[in-house]
Amino acid sequence: MPLSRSLSVTSLSGLEDWDEEFDREDAILFEIAWEVSNKVGGIYTVIQTKARLTCEEWGENYFLVGPYMESNVRTQVELIEPCNPALRRTIDKMNSSGCKVYFGRWLIEGSPYVILLDVGFTAWSLDRWKSELWEKCGIGVPWFDREANDAVLFGFLTAWLLGEYAAQCDDPPHIVAHFHEWLAGLGLVLCRQRQLPIATIFTTHATLLGRYLCAGSVDFYNNLAEFNVDKEAGDRQIYHRYCLERAAARCTHVFTTVSQITAIEAEHLLKRKPDFVTPNGLNVKKFSAMHEFQNLHAQSKARIQEFVRGHFYGSGFIIHAIIFTCPYTITLCQTYVFLLFCVPCRHLDFNLDKTVFLFIAGRYEFSNKGADIFLEALARLNYLLRVNHSEVTVIAFFIMPARTNNFNVETLKGQAVRKQLWDTAQTVKERFGKKLYESLLVGQLPDVSKMLDKEDFTIMKRAIFATQRQCLPPVCTHNMLEDSSDPILNCIRRIGLFNTSQDRVKVIFHPEFLSSTSPLLPMDYEEFVRGCHLGVFPSYYEPWGYTPAECTVMGIPSISTNLSGFGCFMEEHISDPSAYGIYILDRRYRGVDESCNQLTSFLFQFCQQSRRQRIIQRNRTERLSDLLDWRYLGRYYISARHMALAKAFPDTYMYEPQEPTSATGFRYPRPASVPPSPAHSLHSSPHHSEGEDEEEPYDEDLEAEKDRVNIRQPLNVPNRNKNHTVGLPEKN
């Protein structure tokens, strides 16, 4: 199915600046989401990172609306009195009518105003509001669906807030209300049903039905046009939620989604083509010197290497058993013969300087996030590395939270043994240094044979004896509550990646979010990502994909798919994404086995890169962070708000949409210098390519300057306050 384009495609040249002055002085922006100061999912990241730019654009006329969660308010919100007189009267009126409405500043970058609605305090109105929802909109919500009940309460309170604010204003205001996802969508439906003078925008970050269908292993994208959406939603007992989401999408003035792939999905499942695609961005911190982020990579990689030293410590004998049937039995019962033998092995038998760290992270959705195809590709990669006698070792981390009861004892022991060996080495080093110092003091060269005495050797022997282990390094760092039915562990058992010394691919499953306070791997997520070499995200269902976007901003190459919003966005803006460290896996037009082979090829080529090639590729990847900065991507939200105002208030605002223009001149071309992988060079082995690399021309500054020409300048929005009028940004 071809990718259809929305009114404004996700091309940086596809948005034209408006001809007339867009005066926002008397316009008010309310942004409504369940994730405002309430970390639930990825929408929290969208709103949190976008807040600074939106505050610069709207100043005192920007308000975020979300649910009141006491535990979050204690640490994230500073409660204050509203400065806006109309808003103060609105909150007082609602509080005197049986509601609890709080106002404050969200303590994030930009310090936006937040209005928090206590849905639990107004639960006494739930039955009355449900009846009104059925009578006015024909949508019934069952009593047992707590999340939908919260959506009803939140929606009615939001509509009440917006309607009361419009009534309290002295002059008719131009209100823009931007609603995110179905949990906030009912407020939009009620605003339209009550004919409030409000310009509305609805953004779906992922359709409800799409998530449920993909979780059920359905051939989703090839059957989008064939689904009976009402039946599918009813079969999954989410019909009432689906109705809320679809009603919001159909009622809004402007309908947006986060990627082209989700736009196709929304057009078929919600029966409306999005007006805009509004890609998700990040606040990009640029370093003053290119080598700074490379230094951070080296520091973080060293900490991961320390963990690996502890995880794969020691040596020992592994007991193997061969079981076979005796052919000479004359009874009806088979006779089994057991042959036991011990095999000596060293677990840390690989060079950490030639070890590549891969990782996958996110929600534990085994198929949707692509963990299944990643594991299969790792098994094939292991075979390729072994038959090619590669010196490279791959360690793949799976960072996906699952149900556990504690750390694995063997894993904790490994880190304790590592620390003990370090302490032993420091003790022997001090004794050696003292003897060397005394020898030099008397003017003699030391006798090396006498520098280590019997006591030193005894200390070292004891340390080596403590490293003996009779088991393989654990695959999982925690004790799983559902070990026998866990999808990742069962797949590892099937493909046989048990971290043996013969395997060139090792697997570490960390079923918990990373934390700098962990006794096992004391690193936060950002630090861990910086220390890895490649992020692997072969998702089947990923409306956007913040994980590969975060990798790009930190200069870490990643593998994404053409079924993720991030992958489609990068394919559109980069002529050769793999040259910039963005590998796009084809899961749309290829079968599972073909996609797995392609992923294996990507991984094998990456493992063949020399250290210099990886450094060059990281430099290129980090330069792409400009594409993901909110100062670029924020212009899509500006256009969506302008269109909504023009539709709701045609006498005041005017918007003339233009057809998207070509992205030529705003695409990153393929670099013409050093090849990104040995697949394009003279030799295929890392050893030979390393020697050839030194002779190949590469000028980092010149290449970076050429790339900067291929993207328009960031959006510069002057700071606003209530006494300062801001017009349109000039066209760059």
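The model described here is a predicted one. The buried residues of α10 are Q260, I261, T262, A263, I264, E265, A266 and L269. Their cover includes the helices α7 (208-215), α8 (229-235), α9 (239-251) and α19 (565-573), together with the strands β8 (254-257) and β9. Just after α10, the residue K271 takes a positive phi of about 65°.

## The sheet and its edges

Nine strands form an open sheet with mixed pairing, and their order is β3-β4-β5-β2-β1-β6-β7-β8-β9. Strands β3 (77-79) and β9 (276-277) stand at the edges with a single partner strand each, so one side of each is left without a neighbour in the sheet. Helix α6 packs on this sheet, where it touches β1 (27-32), β6 (174-180) and β7 (198-204), and its direction makes about 155° with that of β7.

Within the sheet, strand β4 (residues 101-106) pairs with strand β5 (residues 113-117) in the antiparallel sense, over five bridges. In this pairing, Y102 stands opposite L116 in β5.

## A buried charged residue

E181 belongs to helix α6, which covers residues 181-193. Although E181 is buried, it has no salt bridge, and the nearest side chain of opposite charge, that of R211, is 6.3 Å away. The side chain of E181 does, however, reach the backbone nitrogen of A206 at 3.2 Å. Leaving aside residues up to four places away in sequence, E181 touches I43, F202, T203, T204, H205 and A206.

How values were computed:
Residues are numbered from 1 along each chain as its sequence is written. This is a predicted model: local features need pLDDT of at least 70, side-chain atom pairs count only at pLDDT 80 or more; totals for chains, interfaces and linings use all residues. Side-chain values use heavy atoms; hydrogens and water are left out. Helices (H or I, at least four residues) and strands (E, at least two) are DSSP runs, numbered from the N terminus. Buried means under 20% relative accessible area, exposed over 50%, partly exposed in between (1.4 Å probe, protein chains only). Lys and Arg count as positive and Asp and Glu as negative; His and the chain ends are not counted. A salt bridge is a side-chain nitrogen of Lys or Arg within 4 Å of a carboxyl oxygen of Asp or Glu. A polar contact is a pair of N or O atoms within 3.5 Å; within protein, one must be able to donate a hydrogen and the other to accept it, and residues adjacent in sequence count only if both atoms are side-chain atoms. Contact means heavy atoms within 4.5 Å. Two strands pair if DSSP finds at least two bridges between them. Axes are lines fitted to C-alpha atoms, for helices over the stretch in contact, and angles run from 0 to 180 degrees between N-to-C directions.
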